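User: Could you walk me through how to read a sheet and the helix beside it? I'd like the general idea, then the case here.

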Amino acid sequence: MELWQLHHDTTRIIIGQAYTPEQVRRWAPDAMEPWWNDRMAQSNPFVAEQDGKIVGFAELETDGHIDRFYCHHQWQRRGVGRKLYQAIEDEASRLGIRLLFAEVSVTARKFFESMGFEVTVEQNNIVCGAVARNFRMQKRLDSGPDVREPTPLSGGR
Ligand SMILES: CC(C)(COP(=O)(O)OP(=O)(O)OC[C@H]1O[C@@H](n2cnc3c(N)ncnc32)[C@H](O)[C@@H]1OP(=O)(O)O)[C@@H](O)C(=O)NCCC(=O)NCCS
């Protein structure tokens, strides 16, 4: 419930700065989505806490997809996102994920750029009669050198 409230408020207040009220109401309806708790139990997001209160959460899927990534609307630009992202990147490295990617809203593009992501596709979908612009962004992780099958050495050695 606390994650839903955070997602709801951040969507309405922060993402709402760049999208229409109808669009953000669709992404964060008044009532909690019936599937929300099951989804959170399954995705088991990273959660940032301050003084026992949740101030952000972020989901990493095993294919490298970063799905929901939200910081509390009263905790914007205070380093919460950076900490969550670092946890994601550490986990991705641990899992051997070589590429992280996300569909990023206009309001989060600069953050992801700051984390080393680049835009690969700009998407303009129509949602609730208005353009919902977002960006597919990705970051390659350096997991060390590629290891290939051994090849016979040639030459005078
Ligand atoms: C995107 C989001 C998660 C970033 O979290 P945050 O805690 O505010 O980010 P941080 O404070 O850790 O920022 C880290 C760096 O990212 C960059 N950055 C973050 N927000 C920025 C902004 N609005 N404009 C420019 N740069 C920004 C800065 O370089 C910043 O470092 P600095 O503050 O030292 O300059 C947060 O703004 C958010 O919840 N947005 C709404 C939800 C959303 O759009 N989620 C993405 C869905 S894919």
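Analyst: Happy to! An open sheet of three strands runs in the order β1-β2-β3 with antiparallel pairing. Its edge strands, each pairing on one side only, are β1 (46–50) and β3 (66–71). This is a predicted model: local features need pLDDT of at least 70, side-chain atom pairs count only at pLDDT 80 or more, and totals for chains, interfaces and linings use all residues. Residues are numbered from 1 along each chain as its sequence is written.

User: What does pairing rest on, and over how many bridges do β1 and β2 pair?

Analyst: Strands of a sheet pair through backbone hydrogen bonds, parallel or antiparallel. Here strands (E, at least two residues) and helices (H or I, at least four) are DSSP runs, numbered from the N terminus, and two strands pair if DSSP finds at least two bridges between them. β1 and β2 (residues 53–60) have five bridges, in the antiparallel sense, and A48 stands opposite G56 in β2.

User: Which residues of α4 are buried?

Analyst: An α-helix has 3.6 residues a turn, so residues three or four places apart point the same way. In α4, V80, G81, L84, Y85, I88 and A92 are buried (20 or more other C-beta atoms, placed from the backbone, within 10 Å of the residue's own; exposed means 12 or fewer, partly exposed in between). They cover an arc of only 125 degrees around the axis (taken from the directions from the helix axis to the C-beta atoms), so they sit on the same side of α4.

User: What about R94: buried or exposed?

Analyst: R94 is exposed because 8 other C-beta atoms lie within 10 Å. R94 lies in α4 (residues 80–95), on the other side of the helix with Q86 and D90, also exposed.
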